[in-house]
Every structure is written in C-alpha cells, then in structure tokens.
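Please keep the structure in view while reading.

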Amino acid sequence: MKKILISVAATLAFAGCSRDTLQLTNPNQITTETFWKNEDDVKSAMAATYGLFKNVDGGYWGVRGVELSNGRGDDFFIRNDVSYLYQLSTFTNTPDNSAATNVFNISYRAIFRANQIMENIDKAGLTDQKKKVYIAEAKFIRGLNYFILVSNFGDVPIRTRVPAKKEDYFVAKSPEADVWAQIVKDFTEAAADLPPTRDPSEAGRATKGSALGFLGKSYVYMKSWANAETALKQLTTAPFNYSLTTDYGDNFTAAKKNNSESVFEIQLADVGGTNPWAGENANEALGVTTAQEFAPSEVAGWFEVSPTDKLFNEFQKEKTVALELDPRMYATLIWDYPGAVFYRKPFSAFTLQFGYKSMFKKYQNYLQANELSGSSGAADYASSNNERALRYADIELLLAEALVMQSKTTEAYPWLQAVRTRAKLGPLANGLSKDAMMAEIRHQRMLEFAREGQRFYDLKRWGLLQQEFTNSDKVGRQFFVPAKHDYFPVPQAELNANPAMVQNQYWK
C-alpha cells in the first residue's frame, strides 16, 4: 500500500465540477468517468485514504496528530515553540487552533474518500467477493475516522454519502450517541467481511481483527461492557493468533514492526520524496518527523516535548519480582541512571528542559548516532518506525476492564496479569475488589501506553481528568476547565464555512 501514489483520490475530489462552460477535454485529467476502471484504481484510492492517517499536519498518527492525542495528558508536555501545540497542551487553545482544525479536516477528507470508494467500486469490474472486502475496508477506515472525531470533538456531522450538490456539504452536527452508533455499524459490518489475516505484502491493511479490536474499544468508550466483552474476546481465540511480544520494547522500533502484538499499525517508511511536509505529491516522504521533533537538540532534534515527572514516578511504584525497575520504564523513558546511553551519547551529554527528569525513548531512533541520519536517505529527518495504532496489550486491558465493570473480577485476572507478567511484575493478590482491580487497570494503562495517545482519553472516560490534573506537575494544568476541555471546540474555519454548524456548548 505504501508504494502506491497517494494523491489520486485528492484529484477525484474535483471530478464532479461542471464543464458546461469549457468544451475542451484534457485526455490526461483523471475524472470519475476515467478512473474507476479496474482493481488497481481501487487499490490506489484505498492507499490514498490510508495515507491520511500519517499526514504530518492532521493525520492522527502523523506528527501533529500524535502531539494532539498525547499533548493534553498529565504524563506529557509540549514546550512553547509551536504556539498552537503549546496552547493545546496547556488548555489555552481557541477554536482556531491549527492542530485541532487539521485533525478535524483530515478526518473528514478520509471519510469522503472512503465514501467515494464505496460509491464507485461497482465500476471497477471486480468479483462480488472482492467488492465485499474493499467495501468492508472502506467502512473500517470511515469508522476509525469517526472514532477520532467523536473522541476529540463530541457531536460532529455524520457523512455517509459523497455530496452530490453544493447544499449537501452543509451538514449539522449529530449527537455524540448517534456518532458512536455509526462507528459501531461501520466496525461491525467491516468485521463481517474483512479477512482475519493479510499477506505480508499487504501489511497495514485492515483485518477482521482490526475491526473487532476498534469495535470493542468503542464499546468500552461507550460503557457498553457486555458488548465490549463479546467483541474483544473474539480476538483471544482462533482464527486470531495475537500475542504479547516477549520484549515490550520491540513494539516501538522499526526493526520489529508488524509483530505478533500488532492489531492495526500505521505503515511508515523513509522512502518516496524528500519532504514529509510536501503534501500529497511526488515530493512527499512516506515517513514522518515525529521522532525528530521529540529528540533532544544535542542530536539535532527539536525537543518539542517532555514526559512529566508524574509519569516518571508512576513507573517506580512497584518493582519487578527481581526487585528491579519495571522494564517498560527503560523502553519508554531515558533518564540519569548508571550507564544510560541515548543516541550513542551518555545521558550527561543532554540538557533537560522544563525542569523534568527524563526524556521519551519510546519511538525514538535512538540507535542512530544522529537523528538527522535517515534510514535510506530519502528524507533525512523522516522515520521508518511504524506507529502502532492498536496493540494486543490494549485488547487485554480493555477486556479486563469490561469484565471488571460487570463484576466479573475473577475472569479479568488472567488478562490483567498477562500485561503484568510481561513487565516482570508479580502475581496479583487473589480476591481484589472491583475498585482495587480498576485502580490496577488504570495504573497499568498509564505505564503501558505512555506516548501512545491514550492517557487523556482514558482519564476522560473514567471521569478523572480534574483529579489527575490537580495531582500532577503538568505545566498548564491550572488552565484546565472541567467539561469545557473534555473536547476541542468546533474549528472556527468549519463554523465560517458551514452555516448548519454551531459551536460546542462549553465553547460558545
């Protein structure tokens, strides 16, 4: 998928324009009449739709999307270099915040492309079975983009058709519950027709497991515990063979991507053009600059972010059975411990910022001597390290939570303990209460998924944002306003362009 030109579907967005006033026909122009002719066209359009997940400006697993999903957590801080990133991290953002606006726009661009695939696929001459799989794949992508939108903006417009006329673009918001219902529908229908596995040449394309995983996660976010249990349990038995990697750190290096723990993974590569910021054209690199932005300045990084000391301290609350620090701490953070080496330099070579004690190691290209040394030279500051959008560890902890919330604490033990055992932690005591089990699940999720865009959303669904910000050292926590900052405001650009749109309640 990543080798297919990703600009084709962008061209198709303009295919419906009237040519009444211009009778000349450009034989090289791609239109809906000339494009949807065969399976290669469908694959190209699908690649363009997947490609938006890693868009550097607004893709949720691109650069700014990663900073947006992590930046509001009590474990993460973004410094005041790029002003709109600092504002979202310190809860001083406004409706014209570029990061939120771009995530909103890119998500709807992906939804448009997924809808376009579904509406045009009959023209491509495919067998009924192939059409079913491609439609399921498009529904998965649409569902995942609605998951991104509802998690960040709450009430948003639901678009399930390509606009046929100008007025169709002006869609009012639907209640959050209706958006979740659309997400469940998309993931359920996608899971019914997607294959359980893909050939290695198709790495990164959605599978039945991807759809079931995000369906189960959606049910957890909706607090529909029995449905979450049903969806997530399917991933623990045949035909699926997901498993935790023996080494936790293998999930965050380029050498170990698409491993046994990967349920859905964003494919990145330091190939293509030379500029990740070029937009959808031949100059665009197919890697992203996230590692570059997070790396310290001593290795030519931009040092945009820092883990908080709250995260640093949380890792030390429980030692392993060998009375050592949790190995996930060493895979996630770098700090001043004996023999600490980062980018082939001793830790003493680095100057920490913000007064915090550590830096992020997870997803960094720390085996290189210099962050600017790309893997192939296509774009020196682009990383080939895939973003893991959904890991099996998440499935296990979400399943444990769904069981605990139904008071099935005994059934939840094995799934929670599996994550602990991989971290070399001892067995949980028997007979823990529901509250004690949830406290342990919350603790494990903070450690397991630091820097993976989960913390803020976990705290929100647990109703603990205010409490945890109060008990943190995150810069800007004093500006957090309960309810208001649970969601981003509707982007001002959308309000300006869409007369049917109104601002979120707490941002008026």
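## Cavities and helix packing

Strand S8 gives the most to the lining of the largest cavity, with 5 residues. The model is predicted: local features need pLDDT of at least 70, side-chain atom pairs count only at pLDDT 80 or more, and totals for chains, interfaces and linings use all residues. Residues are numbered from 1 along each chain as its sequence is written, and side-chain values use heavy atoms, with hydrogens and water left out.

A cavity is a set of points on a 1 Å grid over the protein atoms alone where a 1.4 Å probe fits but cannot get out; a pocket is an open set with protein on both sides within 12 Å along at least five of seven lines; lining residues have an atom within 4 Å of a point. A volume is the space filled by probe spheres set on the points, which are joined across faces, edges and corners. Helices (H or I, at least four residues) and strands (E, at least two) are DSSP runs, numbered from the N terminus.

Across the whole structure, the search finds 5 cavities of 30 Å³ or more. The largest cavity holds about 270 Å³ of space. Its lining comprises 25 residues, and Tyr60, Trp61, Ala389, Glu452 and Gly453 lie nearest its centre. At least two lining residues come from each of helix H4 (63–71), helix H7 (128–153), helix H9 (208–222) and strand S8 (387–391). By class, this lining has 13 nonpolar, 5 polar and 7 charged residues; here Ala, Val, Leu, Ile, Met, Phe, Trp, Tyr, Cys and Pro count as nonpolar, Asp, Glu, Lys and Arg as charged, and the others, Gly among them, as polar.

The second largest pocket has a volume of about 400 Å³. Of the 23 residues that line this pocket, Arg198, Thr207, Tyr242, Asn259 and Ser262 lie nearest its centre. Strand S2 (residues 262–266) gives the most to the lining of this pocket, with 4 residues. The pocket lining divides into 8 nonpolar, 10 polar and 5 charged residues.

The table turns to helix pairs; axes are lines fitted to C-alpha atoms over the stretch in contact, and angles run from 0 to 180 degrees between N-to-C directions.

| Helix pair | Angle | Axis separation |
|---|---|---|
| H3 (residues 39–51) and H7 | about 15° | 11 Å |
| H6 (residues 98–120) and H7 | about 160° | 9 Å |
| H10 (residues 225–233) and H14 (residues 392–404) | roughly 145° | within 9 Å |

The angle between H3 and H7 makes these helices roughly parallel, whereas H6 and H7 are therefore roughly antiparallel to each other. Angles under 35 degrees count as roughly parallel, over 145 as roughly antiparallel, 65 to 115 as roughly perpendicular and the rest as oblique. H6 passes H7 in a left-handed crossing, that is, the near helix is turned anticlockwise from the far one by less than a right angle (clockwise would be right-handed). Residues of H6 in the contact (heavy atoms within 4.5 Å) include Ala100, Val103 and Phe104, and those of H7 include Ile135, Ala138 and Lys139. The contact of H6 with H7 has 15 nonpolar, 3 polar and 2 charged residues.

The crossing of H10 and H14 is also left-handed. In this pair, Trp225, Ala228, Glu229, Leu232 and Lys233 of H10 meet Ile395, Leu398, Leu399, Glu401, Ala402 and Leu403 of H14. Their contact comprises 8 nonpolar, no polar and 3 charged residues.
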